[in-house]
Structures are given as structure tokens and as C-alpha cells.
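Here is a friendly note to read alongside the model. Please keep the structure open while going through the points.

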Amino acid sequence: MNSENFSISEKIVSASYIRQGLQARRSHEQLIRLLLEQGKCPEEGWSESTVELFLNELAVMDSNNFLGNCGVGEREGRVASSLVARRHYRLIHGIGRSGDIAAIQPKAAGSSLLNKLTNSVVLDVLRMAGVRSTSSCFVVPMATGMSLTLCFLTLRHRRPKARYIIWPRIDQKSCFKAMVTAGFEPVVVENLLEGDELRTDLEAVERKIQELGAESVLCVHSTTSCFAPRVPDRLEELSVMCAKYDIPHIVNNAYGVQSSKCMHLIQQGARAGRIDAFVQSLDKNFMVPVGGAIIAGFSEPFIQEISRMYPGRASASPSLDVLITLLTLGANGYKKLLKERKEMYTHLAKEVRKLAEGHGERLLNTTHNPISLAMSLDSLEVRNPDAVTQLGSMMFTRQVSGARVVPLGGEQVIGGHTFRGFMSHSESYPCPYLNVASAIGITHGDVALCMRRLDKCLRSLRKGVGPEEAGPEDTCTEPSLVE
């Protein structure tokens with residue numbers, strides 16, 4: 001209610017009570033006012049009632065919610081199901097216009113305001129997480145792979161002669177398909193094995209630039225967050241190389257926002273050389289449903305150019321999800337999650353090392369990877385080559401999600417390119433291994449349960465019990481190495 005309605009209410013209910021309610025309402029409004037003024041993530045998270053009040057205020061600004069609205073067009077925000085309408089807080093029109101995803105929608109002032117505020121809050125969080133010189137970003141309703149494709153298609157207009165994208169190998173299908181879908185030829189550069197780690201072969205990247213000619217290279221497509229034993233690319237050196245040859249540089253930062261090390265690499269790369277855009281997933285970094293990403297960079301005109309490349313209007317759901325999440329957590333809540341994730345990485349590494357040693361294996365030394373860990377499976381391979389893949393099946397049936405078993409000699413054809421040793425980021429990694437990751441939101445309970453089930457699976461395989469014979473919790477009587 002506005003102040004006039006509160007005054008009228010005093011004639012119905014005791015004025016002192018009404019004034020108390022008015023003060024409570026103003027507390028909510030003060031938080032909203034600060035958000036509108038500053039465009040930053042609030043330090044302390046909001047209550048659900050404040051978030052819902054804010055979203056309802058935005059919704060009544062959209063034409064589909066106007067009292068007496070008469071819609072005679074083909075897109076009037078009509079929704080058949082009231083459940084769907086409530087799920088979207090009646091913000092039905094989406095974001096953008098047919099020519100620009102960032103444009104104001106005349107029929108939807110509330111949804112447009114939501115979009116602008118979300119981008120502003122997300123920009124604040126990216127800076128807070130470590131890339132302080134980020135100048136612009138926007139939330140796009142596509143996951144990381146298609147968002148990378150959008151970046152490549154935008155560069156096509158700047159570099160019409162370019163055919164190739166130079167890509168230090170990472171065995172993840174969507175980032176490879178992003179280049180093929182955009183109509184370019186990926187030039188795969190194999191990684192160097194340094195100890196247990198797979199690292200960027202800088203000399204090979206430069207040779208490829210020289211062989212192909214800088215004008216025929218659309219960009220270098222590098223990676224931060226990745227499965228061990230691959231570690232983040234040498235971003236600073238690649239950025240300097242891109243500046244030297246005047247080649248764009250796009251960074252796949254899929255789940256790197258949660259890692260201060262990955263964000264530092266991007267910041268240093270932009271400081272020392274050239275990074276045109278970096279792309280990150282919403283679900284992996286902010287614990288929201290799959291379907292959105294953030295495209296960010298250091299040149300506001302280029303980021304705006306990418307946003308204008310998006311054809312048509314777009315769903316507001318990813319923007320709504322991440323805004324609700326960040327307003328609820330607040331900056332301090334998100335920082336707390338980042339701190340806990342880093343602490344859990346140390347704990348997870350300790351537990352994996354202990355378990356590995358108990359089974360004659362070892363935790364691979366991949367200290368440059370701040371999120372993912374890998375444990376060797378040499379003894380399984382020696383005992384029975386099929387046991388490695390059996391372990392993956394056994395973990396899956398025991399409801400351990402995210403653990404990734406990588407056998408030797410895998411092969412995969414993607415977009416006409418054959419990857420030998422697929423999943424290991426290398427044609428000939430020296431041992432099979434298992435991946436686990438300390439990602440945002442992981443708990444001590446997750447680690448303890450994973451280690452207990454992994455231990456039981458390894459002991460079953462050592463006894464020759466396959467995935468079909470072993471039950472969901474494998475009641476082996478041997479004492480567990482992690483209990």
C-alpha cells in the first residue's frame with residue numbers, strides 16, 4: 001500500500017498499529033531502494049518476503065497484469081495454467097526485443113527492470129569473485145556451450161576471413177561442439193604432461209598461429225575449470241600471445257566463478273594481454289536450474305555486440321532464478337559458500353589420498369587444479385582391465401553422481417574429429433583414474449558417503465565381485481578404510 005492508503009487505514013484500525021505496519025513496509029522498501037540505486041548484490045541476504053514483495057511489484061508493471069488490459073496481438077503474456085503463472089511470478093513477457101536481448105520491452109517494464117538489475121548484480125558478483133576489471137556482462141538463457149557459440153558467431157563479423165579456432169584440448173563435448181556449430185574448424189592442440197598434470201603447450205599454440213596465419217584464426221579458445229589431471233590453461237601467456245598476433249581470445253570459465261584461482265587467471269590474462277569474453281554457467285556457480293550462462297568481458301561495446309547477436313526475445317527464467325538466489329544469499333552469503341568450497345577441497349583431497357593409499361593407489365598431484373581431483377586406478381587395470389569401467393557402473397548404481405571413471409584407450413568421434421584417449425584430455429595418459437570435485441555446495445556428508453561407497457566398490461572388485469553381483473551398499477565384512 002502507498003502512504004495515502006496507510007493513512008486511510010488509520011480510520012479503521014488503531015493508528016499506532018498501522019504506523020507499525022508502515023514502518024515494517026518501509027524496511028522492505030529501503031532494501032529495494034538500495035538495490036535500485038546501487039545495482040549491487042546486497043551485503044546481507046533478503047528474506048523471502050522481501051524478495052516476493054519485490055517480484056510482485058515488478059510483475060504489476062508488465063502489461064499482462066494491468067487491470068483492464070486489452071491484448072489483441074499475437075504475444076500478450078497469456079498463460080493457460082495458473083501454476084505456470086505463479087512459477088514465473090507472473091513475469092511472462094521475457095526479456096529483450098526481437099533485435100536485442102538487452103533492449104527494453106515496452107509491454108514489460110517490470111521484466112525489463114528485472115533484466116537490467118540481474119545483469120548489474122551479476123557484474124558486481126563477478127568483480128567480487130576476483131575479476132575486478134570486468135566492464136560488462138549479461139545473462140543469456142542458454143547453457144555454456146551455446147553461449148560460446150554466440151561469442152564465436154559474433155566474432156565472425158569482425159573476422160570474415162577466419163576459418164579456424166585454436167583450442168588446447170579438453171575432453172568435454174559441448175565446448176568442442178560449440179565451435180563446430182558456429183561453422184568453424186577446431187584446431188586441437190594436445191596438452192603437455194608435466195608430472196601428473198596436463199598443461200597448455202604454448203609453443204604448439206604459437207606454431208599453429210604461424211602455420212595458419214593470424215588472419216585465418218577466429219580466436220584462441222581456452223579453458224579454466226576442467227577435470228583433473230588437466231589443469232587450467234596458462235591464460236596469462238595465451239593472452240599475451242593473442243595480443244601479439246591481434247587474435248581474439250574467448251575463455252570457457254564454465255564453473256570457474258567459484259574458484260578464486262580461476263578468476264585470478266582471467267584477471268591476470270586481461271591485465272597482461274587480451275581476453276575478449278569469458279563465459280560461465282549459472283547452475284554450476286550459483287546453484288540454480290540448468291539453462292543459463294553469463295557472458296562477460298572487458299570491452300562493453302563488444303559484450304553489447306554479442307547480446308545484439310542473440311535472435312529474438314528470450315526467457316527471463318535464468319535471470320529470475322539467479323537474481324532471487326543472489327538477493328537471498330547476499331554478498332556475504334555467497335562469499336561464505338566460496339570459502340566453504342575451498343575448505344572442502346582440502347578436506348576432499350585428504351580423504352581421497354587416505355582412501356587411495358589404502359588400496360595401493362595414489363592421489364594424482366594436480367595442485368594447479370583448484371576444483372577437481374583425480375585418483376589413480378593402476379591396480380585395478382593390472383588386475384582386470386574391465387574392472388575400471390565396472391567401477392564406474394558400480395558407483396552409479398550406488399547413487400554417487402559426479403564421480404567420473406576414466407579408463408585407458410577410449411576413443412570418441414565428435415564433429416568428424418577423432419579423440420584418442422577420450423575423457424583423459426590426452427592421447428596417452430599414463431594411468432586410468434577416477435575424478436571427484438569439490439564444487440560449490442558440497443558437504444562433509446557428501447564426502448563421507450562417497451568415500452564409504454567407493455571403498456566398498458574397490459574392495460568388491462578386489463574380490464572379483466562385479467557390478468551385477470554387488471548390492472547397492474555391498475555388505476562386505478572387511479572393515480572400511482574410511483570408517
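**Notes on the domain interface and local geometry**

1. The term stands for a side-chain nitrogen of Lys or Arg within 4 Å of a carboxyl oxygen of Asp or Glu. Between domain 2 and domain 3 the count is one salt bridge.

2. A word on the basis: this is a predicted model, in which local features need pLDDT of at least 70 and side-chain atom pairs count only at pLDDT 80 or more, while totals for chains, interfaces and linings use all residues. Residues are numbered from 1 along each chain as its sequence is written, and side-chain values use heavy atoms, with hydrogens and water left out.

3. The chain is split into domain 1 (1-34), domain 2 (109-324) and domain 3 (334-463), with bounds taken from an automatic or database domain assignment. The C-alpha centres of domain 2 and domain 3 are 26 Å apart.

4. How much area is buried between domain 2 and domain 3? About 3200 Å², with carbon and sulfur atoms giving 64%; this is the accessible area (1.4 Å probe) that two parts lose on being put together, summed over both. Of the area that domain 2 buries against domain 3, Asp171, Asp196 and Gln258 supply 20%, more than any other three residues.

5. In terms of contact (heavy atoms within 4.5 Å), 35 residues of domain 2 meet 40 residues of domain 3. The side of domain 2 that touches domain 3 has 19 nonpolar, five polar and eleven charged residues; here Ala, Val, Leu, Ile, Met, Phe, Trp, Tyr, Cys and Pro count as nonpolar, Asp, Glu, Lys and Arg as charged, and the others, Gly among them, as polar.

6. Now the local geometry. The peptide bond from alanine 228 to proline 229 is cis, with omega near 10 degrees, and proline 229 sits in the loop between strand S6 (217-223) and helix H9 (235-245). Helices (H or I, at least four residues) and strands (E, at least two) are DSSP runs, numbered from the N terminus. Arginine 90 has a positive phi, near 60 degrees. Both deserve a look, because most residues other than glycine have a negative phi, and most peptide bonds are trans.

7. Finally, the unreviewed UniProt entry lists Arg271, Arg398 and Lys463 under "binding site". They are spread over 193 residues of sequence and, in space, up to 54.8 Å between C-alpha atoms. Such annotations may be inferred rather than shown by experiment.
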